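Here is a quick briefing on one protein structure. Keep the sequence and the 3D view open while you read.

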Amino acid sequence: MAQHGHHVASSQKALMLELKSLQDEPVEGFKITLVDESDLYNWEVAIFGPPNTHYEGGYFKARIKFPIDYPYSPPSFRFLTKMWHPNIYENGDVCISILHPPVDDPQSGELPSERWNPTQNVRTILLSVISLLNEPNTFSPANVDASVMYRKWRDSKGREREYADIIRKQVLTTKADAERDGVKVPTTLAEYCVRTRVAPPDEGSTLFYDEYYDDDEQLDEDSDEEEDCCYDDDDSGTEDS
């Protein structure tokens, strides 16, 4: 009983610190809230599709549920929005190494170092999920049909459009959710990028962009300035033209 109380106190402290950190320095493209203000173990996540990707303009809702012994055990991450993706189960659960318990399971094909450990946190989970959306793992798919379709799209360098078309249709269906929730979904780099107290260049952010993405809309002429807004070290705003 005493050990249970210790786990609760420890996990609540960890979650309070992480929530404050994410509020002070948000992760680009995410909005975090508590499902219930009195419950630190259930978080609601709004994911905004990055511009210039298949997910542009999308508003995807998810839930993160934390165990009592967090951060020693991983949370679960489930999409509430219907998602067509090789690594997302039909019920919305995300299949990703970082959320798997740190046990030695040779049959999984995962190294223990790829699995959850107490040094991971919500920020690393969010970055892993957004990376996974654009770079699925087709070696151990949760949705085999989506995996086959994705490989056809990838190997054809975008000529096989079925995978991309399904995602774009799903994006369009999320607009009603955004309107109902009173959320303005960012569609430009300037809107998508979040100004934080510390904004180091994110070299890995190119993972968000799809070289085969094809859309009639083009970035406006000041897109270079918008990109600077995202990735420069200066938090004073965009540069003077």
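The points below cover the overall fold, the nonpolar core and the aromatic pairs.

This is a predicted model. The protein has six helices and four strands. Buried residues account for 44% of its 241 residues.

**Fold and surface**
- Along the sequence, the elements run α-β-β-β-β-α-α-α-α-α.
- Take the contacts between residues at least 6 apart in sequence: 62% of them join residues at least 24 apart.
- The accessible surface is about 13600 Å², and carbon and sulfur atoms hold 49% of it.

**Nonpolar core**
- The largest nonpolar core has 49 residues. Trp43, Ile47, Phe77, Phe79 and Leu126 touch the most other members.
- Elements giving two or more residues to this core include all of the strands β1 (30–36), β2 (39–48), β3 (59–65) and β4 (76–79). The helices that do so are α1 (2–24), α2 (122–134), α3 (144–155) and α4 (162–181).
- Beyond its neighbours within four places in sequence, Ile47 contacts Gly29, Phe30, Gly58, Tyr59, Phe60, Phe77, Phe79, Val129 and Ile130.

**Aromatic pairs**
- The whole structure contains nine aromatic pairs.
- One of them joins Phe48 and Tyr59, stacked at 6.0 Å centre to centre with 20 degrees between the planes. Phe48 lies in strand β2 and Tyr59 in strand β3, eleven residues apart. Both residues are buried.
- Tyr55 and Phe60 have ring centres 5.8 Å apart and planes at 80 degrees, so this pair is edge-to-face. Tyr55 and Phe60 are both buried.
- Ring pairs also link Trp43, Phe66, Tyr70 and Trp116 into a cluster.

How values were computed:
Residues numbered from 1 in each chain as written. Predicted model: local features only at pLDDT ≥ 70, side-chain atom pairs only at ≥ 80, totals over all residues. Heavy atoms only, no water. Core = buried A, V, L, I, M, F, W, Y, C linked by side-chain atoms within 4.5 Å. Buried < 20%, exposed > 50% of the residue type's maximum accessible area, 1.4 Å probe, protein only. Contact = heavy atoms within 4.5 Å. Areas by Shrake-Rupley, 256 points an atom, 1.4 Å probe, with all protein chains shown as cover. Phe/Tyr/Trp six-rings, centres within 6.5 Å; stacked < 30°, edge-to-face > 60°.
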